[in-house]
Amino acid sequence: MKTTEAPHYRRYVLERGGDPLAGPKGAADGAIRRGHRAPLGVGDGKGVMFVGHIGQIYPAGFLPLSCGRFPNDSVVDVYQNHPTFRALRDPDRFKGRCGVCEYRYVCGGSRARAYAVTGDPLETEPDCVYMPGRKTVISGQ
Ligand code: SF4
């Protein structure tokens with residue numbers, strides 16, 4: 001299984017003693033699947049950038065927050081210095097549950113989903129069921 005826009009799956013795997021880059025503990029093909037997973041901490045605007053067909057620069061393909069336009073703006077400069085990109089790379093600026101979550105550096109939630117639901121890309125990941133501070137899963141997963 002390959003997840004897309006589901007960084008909170010890393011928390012799920014870690015709590016079960018697995019390697020979030022390889023899969024749940026005991027998975028025989030973990031080493032093979034490792035190559036199909038995003039490295040820890042990679043997310044919208046943090047190791048990811050999307051440039052649309054007419055040059056708009058976004059933090060991710062799922063996050064339609066225009067931060068500039070190529071070729072007028074340098075993609076390197078936007079990635080390194082645009083306030084939105086800088087905020088997305090700083091988990092301590094996340095709000096709500098993600099802002100206090102012990103997994104925010106390896107997960108951080110989907111910033112695109114937070115933006116789609118709340119209008120604020122730094123808000124809580126709406127699809128995560130984890131309550132920070134608990135080391136147990138609270139859903140029937
Ligand atoms: S609360 Fe946020 S940072 Fe914590 S596991 Fe859920 S999505 Fe990830």
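These legends accompany several close-up views of a predicted model.

**View 1. The whole chain, to get your bearings.** Let's start with the overall layout. The secondary structure of the chain amounts to 6 helices and 4 strands. Reading from the N terminus, the order of these elements is α-α-β-β-β-β-α-α-α-α. Of the chain's 141 residues, 31% count as buried. Among contacts between residues at least 6 apart in sequence, 43% link residues at least 24 apart.

**View 2. The largest nonpolar core, and another one apart from it.** The largest nonpolar core has 13 residues, and those touching the most other members are Tyr-58, Ala-60, Leu-63, Cys-67, Val-78 and Phe-85. At least two residues of this core come from each of strand S4 (57–58), helix H3 (75–81), helix H4 (83–88) and helix H6 (111–118). Helix H6 contributes the most to this core, with 3 residues. Another core, of 8 residues, lies apart from this one; among its members are Cys-98, Cys-101, Tyr-103 and Leu-122.

**View 3. Leu-63 and its partners.** Now zoom in on Leu-63, one of the core residues that touch the most other members. Setting aside neighbours within four places in sequence, Leu-63 is in contact with Asp-44, Tyr-58, Arg-111, Ala-112, Tyr-115 and Pro-121.

**View 4. Helix H6 and what follows.** Which residues of H6 are buried? They are Arg-111, Ala-112, Arg-113, Ala-114 and Tyr-115. These buried residues of H6 pack against strand S1 (43–44) and against H4. After H6 comes Gly-119, which has a positive phi, near 85°.

**View 5. Thr-84 in helix H4.** Our last stop is Thr-84, which has its place in helix H4. Why does Thr-84 count as buried? Thr-84 counts as buried because it has 20 C-beta neighbours inside 10 Å, and a residue needs 20 or more to be called buried. Not counting residues up to four places away in sequence, Thr-84 touches Gly-45, Pro-59, Leu-65 and Cys-67. Take a look at Pro-59 in particular: Thr-84 and Pro-59 are 25 residues apart along the chain, and their C-alpha atoms are separated by 8.0 Å. Cys-67, another of the partners of Thr-84, belongs to the largest nonpolar core.

Terms used:
Residues are numbered from 1 along each chain as its sequence is written. This is a predicted model: local features need pLDDT of at least 70, side-chain atom pairs count only at pLDDT 80 or more; totals for chains, interfaces and linings use all residues. A nonpolar core is a set of buried Ala, Val, Leu, Ile, Met, Phe, Trp, Tyr and Cys residues joined through C-beta atoms within 7 Å. A residue is buried if 20 or more other C-beta atoms lie within 10 Å of its own, exposed if 12 or fewer, and partly exposed in between; C-beta atoms are placed from the backbone. Two residues are in contact if their C-beta atoms, placed from the backbone, lie within 7 Å.
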